[in-house]
Amino acid sequence: MSATRAFLVRRLIALLVVTAVAVAALLAGYYGVSRNSKAVTDRSTPAILQVAAAIDALDASYDEAKRSISSPTAEFEGLSEEYRDKLSTAKQSLTQVSKSTIGGASARGALRTSAALVTSYGDTVEQAYANRENPTLRDAYLRYADSILHRDHSGVLDRLRAVQQRQYGVLDDQTSFGWLLAFAWWLLLPGLFLTLAALLVHTQRYLRHRFRRLVNPWLAAATALLVTLLPLAVFTYQTQDRLESVRAALTQSDIGRTGGPTAREVARTMRNAHWQAGAVGWIPVGGAVLAALILVGLQPRIDEYRFQSR
């Protein structure tokens, strides 16, 4: 084998290997950022908002129950509509979130226990109302209802706040860039693609000198294709910025009362991130095209030089 042919074979192998590694790293890096955009919108956001709504509704319901039972018109009006609305909201939220919570098995167990305690809490408030004319029994039932909600660690609200913290832990994992992705995007990928670009440029200069041809269109097209990394980098930055905005919105203290607006804000924020996440499917296609351009650009030169004198 001639020295030129040997060089071209080695260069072809090097280009294909670097292309494969660069495309694999790009695929992993882009998927690592975009994979959670749909989960954050469809699973994490509703679950977090439902738990927050349950906490807010239950916390407000107790004061409303006490006010309603102590009202001079309690005998005629019964427990107020606002109290019943708060209790119903809490029960519905717990029913919904227990089906798809993001906190894992322990969170689902805590939610089932909380739902049972909420039923007990409602029954106790009913007993307090039924005994409203007996201050001793009434106050005893109200204290028990209060303990069901507010008892440290085992009360409903503390249980739900513990679930909420686990949910926030999952959300943080879903929306954080992390050191591994930072390494991939700011060091590994630029290094690999700059290496690939340098190899392509050097190969074209070598071919122009050796074969007296101004440009190799296939290798030039392969070099130009590397520019498509820039839109993907922009998409990655935009997706990560949106994920961080969603995390900020979902960790506000008032989301239990503003669940609807917060959900709509999250949906608006993540709308473009969903189609950008779909770009991950084009990365292997682009890698295959890049490898094909390199192969078509070099293989004829290798075959052509097979018949040249050493």
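Select E126 first: this residue is partly exposed, with a relative accessible area of 30% (buried means under 20% relative accessible area, exposed over 50%, and partly exposed in between, with a 1.4 Å probe and protein chains only). The model is predicted, so local features need pLDDT of at least 70 and side-chain atom pairs count only at pLDDT 80 or more, whereas totals for chains, interfaces and linings use all residues. Residues are numbered from 1 along each chain as its sequence is written, and side-chain values use heavy atoms, with hydrogens and water left out.

E126 belongs to helix α5 (residues 105-130); helices are DSSP runs of H or I with at least four residues, numbered from the N terminus. Display the contacts of E126 next (heavy atoms within 4.5 Å). With neighbours within four places in sequence set aside, E126 is in contact with L79 and R84.

E126 and R84 form a salt bridge, at 3.2 Å from N to O; the term denotes a side-chain nitrogen of Lys or Arg within 4 Å of a carboxyl oxygen of Asp or Glu. This pair connects distant parts of the chain, with E126 in helix α5 and R84 in helix α4 (residues 81-100), 42 residues apart. R84 is partly exposed, at a relative accessible area of 37%.

For a view across the model, select R5 together with E126. Their C-alpha atoms are 91 Å apart in space, and the two residues are 121 residues apart in sequence.

**Further salt bridges**

How many salt bridges does the rule give? The count comes to 8.

Go to E64 and R67, whose closest N and O atoms are 2.6 Å apart in a salt bridge. Both residues lie in helix α2 (residues 37-70), and because they are 3 residues apart, about one helical turn separates them. Colouring by accessibility shows E64 as buried, with a relative accessible area of 9%, and R67 as partly exposed, with 46%.

Continue to D158 and R161, which meet in a salt bridge of 3.4 Å, N to O. The two residues lie in helix α7, 3 residues apart, about one turn of the helix. D158 is partly exposed at 26% relative accessible area, and R161 is partly exposed at 36%.

Select H153, in the loop between α6 (135-150) and α7 (156-175). The phi angle of H153 is near 70°, a positive value in a residue other than glycine. Is H153 buried or exposed? With 71% relative accessibility, H153 counts as exposed.

**Aromatic rings**

The structure holds 3 aromatic pairs. Rings of Phe, Tyr and Trp (its six-membered ring) pair if their centres lie within 6.5 Å; planes under 30 degrees apart count as stacked, over 60 as edge-to-face and the rest as tilted.

Show F7 and Y206: the ring centres are 4.4 Å apart and the planes stand at 40°, so this pair is tilted. F7 lies in helix α1 and Y206 in helix α8 (residues 178-211), so the pair ties together parts that are 199 residues apart in sequence. F7 is buried, with a relative accessible area of 17%.

Move to F177 and W186, where the ring centres are 6.4 Å apart and the planes are at 35°, so the pair is tilted. F177 is buried, with a relative accessible area of 18%, whereas W186 is exposed, with 58%.

Then centre on Y129. R132 lies over the face of this ring, at 4.3 Å from the ring centre; a charge sits over a ring if NZ of Lys or CZ of Arg is within 6 Å of the ring centre and within 35 degrees of the ring normal.

Select R11 in helix α1 (residues 3-34).

Not counting residues up to four places away in sequence, R11 touches L199, H202, T203 and L298.
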